[in-house]
Amino acid sequence: MGLLAEYYLPGLHVSEHAIDVPLDWDGHEPGRGFDGPHIKLFYRVLTAPDHIHDDLPLLLFLQGGPGGAGPRPLDPESDGWIGEAVRHFRVVLPDQRGTGRSSHIDSNVIGAMDGEAGADHLMHFLADSIVRDFEHLRRTEFAGSLWTTLGQSYGGFLTLTYLSLFPTALAAAFTTGGIPHVPADATEVYLHTFPRMRRKTEQFTDRYPLDRARLDALADILASRRVELPNGDPFTVERLQTLGSSFGMKPSFERVHWLLDEAFAAGDGSASETSPLTDEFLADVVTATSSNALYWPLQEFIYANGELEAPIDWAAQRVRDTMPGFSADARPLLLTGEAVFPWMFEQERALRPFRAAVETLMRRTRFGTIYDEGQLARNTVPLQAAVYFDDMYVDSSLSLDTLSRIGNAHWWVTNEFEHDGVHGAKVFRHLFQEALDRGDLRKLF
């Protein structure tokens, strides 16, 4: 299996591996040889120490994102689902192509290309290629054994791609907060999620009224004078607004509250337009508003399925422009969620090298096929989905509409958790037990 290393974490046996996959899957079939440019696909296999020599079924974890590397666990309980999963499975944690240790993509790679070349390159890092990597992995390194998949957030999008392209590869599938609307439409997504961003901001400032004044004072400061972040980026009102990007997870309200608590150097922590901003606050803003290299560049293209009727053309910005309440000049200031905007590729140093490539992709209408509605309707693979009723990122009404048209799909709707509920101990355990009770896992156990 191309073993690179083998070791123990507390309560886990870990093995590390890497294989070659084609950069471009066009003209290649997973499981067969290939020629031309290739990249590395890195993955880990986790096993409970008392199951190392047991022939357990395989659970493939499909990471959220886009552009997300696989989890780096500390112990079986640090990511709650892992503790439950290793009781029943060997857990496969890949770094999706371009992330982590899988031929990493960042500004240094894209910055060396012009817009067309950069766009062509980024096209190879979307769901159709990711899923073919994993199917190649299954066929070549795991003797064609069936996967059970657990898809978190964007991992749920990948799940539907897998069920569309290679349905016979899966014994069962679980998703958490990750059922996209099919047919996919980026504009539709933001028409649903911007109102949720507004409600989340209002819930936050209702819980912490002082923070409403702090946000408005900060916005007025940033609008009136240039403030620079420690990494050299300009600190603008628009970037301040992106502090809301984590509001769909817990305990993000509290994290943002304590970040704002230390914003002003003068006085007692209350809002002050004349106060300098603290170094600690500015450093925390960099951390809170930065993401991995592929997350924002690929964000809107995860909704691009096949031939589009029109270019995506900055869907989130177009929707935002119809909602004056989200203007940088509006008060009280509204925060934004999981949405990418053109200014990011001008103001953020890490994203500037991606600008030409992303602008080119925004004008394209031809992408790989990631969903086959007919195949999803005929699906026979048991699919168990956790749908979070108040999810800020993946609208629950759109998820439920999709699930109603997928064969053999089951869903659990809950408002007990936010978008990151899988990281606790309850969600995967609940889904797994429901699947067991229905007999959906009889091929495995």
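Mentor: Start with the crossing: α4 passes α5 in a right-handed sense. Keep in mind that this is a predicted model. Helix α4 covers residues 127-141, and helix α5 covers residues 154-165. They pack at an angle of about 65 degrees. Their axes lie 9 Å apart. That angle makes α4 roughly perpendicular to α5, because the range counted that way runs from 65 to 115 degrees.

Now the residues that meet. From α4 come Ala 127, Asp 128, Ile 130, Val 131, Arg 132, Phe 134, Glu 135 and Arg 138. From α5 come Tyr 154, Leu 158, Thr 161, Tyr 162 and Leu 165. By class, the contact of α4 with α5 has eight nonpolar residues, one polar and four charged.

Helix α6 spans residues 186-207, and helix α7 spans residues 209-224. Here the packing angle is about 115 degrees, and the axes are 4 Å apart. On the α6 side, the contact uses Phe 204, Thr 205, Asp 206 and Arg 207. On the α7 side, it uses Pro 209, Asp 211, Arg 212 and Leu 215. This contact of α6 with α7 divides into three nonpolar, one polar and four charged residues.

Next, the domains. Domain 1 takes in 2-183 + 371-438, and domain 2 takes in 186-366. Their centres, taken over C-alpha atoms, are separated by 28 Å. Domain 1 gives 39 residues to the contact, and domain 2 gives 35 residues. Between them the two domains bury about 3,200 Å². Of that area, 63% is on carbon and sulfur atoms. Which residues of domain 1 lose the most area to domain 2? They are Pro 66, Met 392 and Tyr 393. Together these three account for 24% of what the domain 1 side buries.

One last stop, at a loop. Pro 342 sits between α12 (315-320) and α13 (344-347). Its contacts include Trp 314 and Gln 317, with residues up to four places away in sequence not counted. Ala 316 is 26 residues from Pro 342 along the chain. The C-alpha atoms of Pro 342 and Ala 316 are 9.5 Å apart.

Note on methods:
Residues are numbered from 1 along each chain as its sequence is written. This is a predicted model: local features need pLDDT of at least 70, side-chain atom pairs count only at pLDDT 80 or more; totals for chains, interfaces and linings use all residues. Side-chain values use heavy atoms; hydrogens and water are left out. Axes are lines fitted to C-alpha atoms, for helices over the stretch in contact, and angles run from 0 to 180 degrees between N-to-C directions. Helices (H or I, at least four residues) and strands (E, at least two) are DSSP runs, numbered from the N terminus. Angles under 35 degrees count as roughly parallel, over 145 as roughly antiparallel, 65 to 115 as roughly perpendicular and the rest as oblique. A crossing is left-handed if the near helix is turned anticlockwise from the far one by less than a right angle, and right-handed if clockwise. Contact means heavy atoms within 4.5 Å. Ala, Val, Leu, Ile, Met, Phe, Trp, Tyr, Cys and Pro count as nonpolar, Asp, Glu, Lys and Arg as charged, and the others, Gly among them, as polar. Domain bounds come from an automatic or database domain assignment. Buried area is the accessible area (1.4 Å probe) that two parts lose on being put together, summed over both.
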